[in-house]
Amino acid sequence: MSVHLVGAGPGDPGLLTRRGAELLELADVVIHDRLVDPRVLALVNPRAELVDVGKRPGATPSSAQADLHELLVTYGLRGGVVVRLQGGDPLLFGRGGEELDALFAAGIEAEVVPGVSSALGVPASLGMPLTHRGLASAVTIVSGHDVDAGSVDWSKLSDDHVTLVVLMGVAQRRAIRLALVGAGRSPVTPCAVIERGTTPSQRIVHTTLGALDRVDVDPPAVLVIGEVARARGGIGATRPLTTRPVAAAI
Ligand SMILES: C[S@@+](CC[C@H](N)C(=O)[O-])C[C@H]1O[C@@H](n2cnc3c(N)ncnc32)[C@H](O)[C@@H]1O
């Protein structure tokens with residue numbers, strides 16, 4: 001009895017690991033999130049059962065997560081090759097750790113197959129280095145989801161030499177701007193918002209921290225905040241970029 005927690009990467013199926021692709025071919029059941037790219041789902045064994053566990057409308061996050069744990073345990077006990085497929089890396093803001101706990105508690109073994117996280121892979125695919133000598137010597141990855149709830153102390157994220165990568169931050173851009181500028185980060189700090197990175201509909205918007213909530217962007221997106229966000233499509237870029245520069249109004 002085992003369940004495989006597999007990272008699907010940010011979108012481009014070329015970024016799936018070899019172990020991940022192997023498990024998709026062998027799978028009897030694939031339990032996946034809504035964010036998993038259709039091109040990755042196309043690699044699943046055609047005889048496998050596909051279970052979409054994208055958040056149900058009206059379900060609270062905790063009830064949805066509890067239902068998901070029950071589902072994983074049910075399939076895990078049934079046997080066969082059970083793959084839990086998540087966007088990016090399963091253990092970064094994917095609640096994969098909680099899923100591992102639920103499986104272990106039920107006596108089910110789990111394998112974790114890391115994935116290329118959107119936090120790292122999306123900027124990298126554009127040739128945007130998150131650390132760069134002289135510009136940024138560290139990087140912090142943070143969820144923007146609960147910015148008002150106080151679970152993260154944003155006042156500690158004001159260092160200009162630390163690149164911030166914010167996931168789940170599109171809807172909270174105003175609160176993020178207020179928190180960071182309030183903490184002393186300059187409003188002219190460059191920002192890049194990369195929507196649907198590594199997919200055919202990828203879009204990148206360049207702005208500044210002061211104007212972050214005045215740009216028109218949609219989730220899912222990675223927010224890169226810091227001097228490195230000026231970089232556009234260096235030699236590492238894998239596809240033409242759709243850029244839409246935005247006036248750096250503050
Ligand atoms: C629940 S988190 C899961 C993160 C995932 N485990 C990872 O490692 O990429 C979902 C957030 O990841 C980001 N995201 C995932 N895929 C993305 C993509 N292709 N382009 C831009 N952002 C993406 C967005 O910020 C989205 O709101």
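Which side chains does a polar contact of 3.5 Å join? The side chains of Gln86 and Glu99 are the two partners. The close-up views below start from this pair.

This is a predicted model, in which local features need pLDDT of at least 70, side-chain atom pairs count only at pLDDT 80 or more, and totals for chains, interfaces and linings use all residues. Residues are numbered from 1 along each chain as its sequence is written, and side-chain values use heavy atoms, with hydrogens and water left out.

**View 1. Gln86 in strand β4.**
Gln86 belongs to strand β4, residues 82–86. Strands (E, at least two residues) and helices (H or I, at least four) are DSSP runs, numbered from the N terminus. Gln86 counts as buried because its relative accessibility is 2%. Buried means under 20% relative accessible area, exposed means over 50%, and partly exposed is in between (1.4 Å probe, protein chains only). The side chain of Gln86 makes a polar contact of 3.5 Å with the side chain of Glu99. A polar contact is a pair of N or O atoms within 3.5 Å; within protein, one must be able to donate a hydrogen and the other to accept it, and residues adjacent in sequence count only if both atoms are side-chain atoms.

**View 2. Backbone atoms facing the ligand.**
A polar backbone atom of Gly87 is 3.1 Å from a nitrogen atom of the ligand. For Met168, a backbone N or O atom lies 2.9 Å from an oxygen atom of the ligand. For Gly197, a backbone N or O atom lies 2.7 Å from a ligand nitrogen atom. On its own, the ligand has 570 Å² of accessible area, and the protein covers 88% of this. Accessible areas come from the Shrake-Rupley method with a 1.4 Å probe; for residues, only the protein chains shown count as cover.

Met168 sits in the loop between β7 (162–167) and α6 (173–182). Its phi is near 55 degrees, a positive value in a residue other than glycine. Met168 is partly exposed, because its relative accessible area is 42%. Phe93 is in the loop between β4 and α4 (96–105). Phe93 is not a glycine, yet its phi is positive, at about 50 degrees. With 41% relative accessibility, Phe93 counts as partly exposed.

**View 3. The cis bond at Pro219 and Pro220.**
A cis peptide bond joins Pro219 and Pro220. Omega is about -5 degrees. Pro220 is placed in the loop between β9 (203–208) and β10. Strand β9 holds Ile204. Ile204 has a relative accessible area of 1%, so it is buried.

Gly7 is in strand β1, residues 2–7. At 1% relative accessibility, Gly7 counts as buried. Gly7 and Ser117 are 110 residues apart along the chain, and 8.0 Å separates their C-alpha atoms. Val116 lies in the loop between β5 (109–113) and α5. Val116 is partly exposed, because its relative accessibility is 29%. Val116 and Thr17 are 99 residues apart in sequence, and 8.2 Å apart in space, C-alpha to C-alpha.

Asp37 lies in the loop between β2 (29–32) and α2 (38–41). Asp37 is buried, with a relative accessible area of 9%. Its side chain reaches the backbone nitrogen of Arg39 at 2.8 Å.

**View 4. Arg78 over the ring of Tyr75.**
Arg78 lies over the face of Tyr75, 4.8 Å from the ring centre. A charge sits over a ring if NZ of Lys or CZ of Arg is within 6 Å of the ring centre and within 35 degrees of the ring normal.
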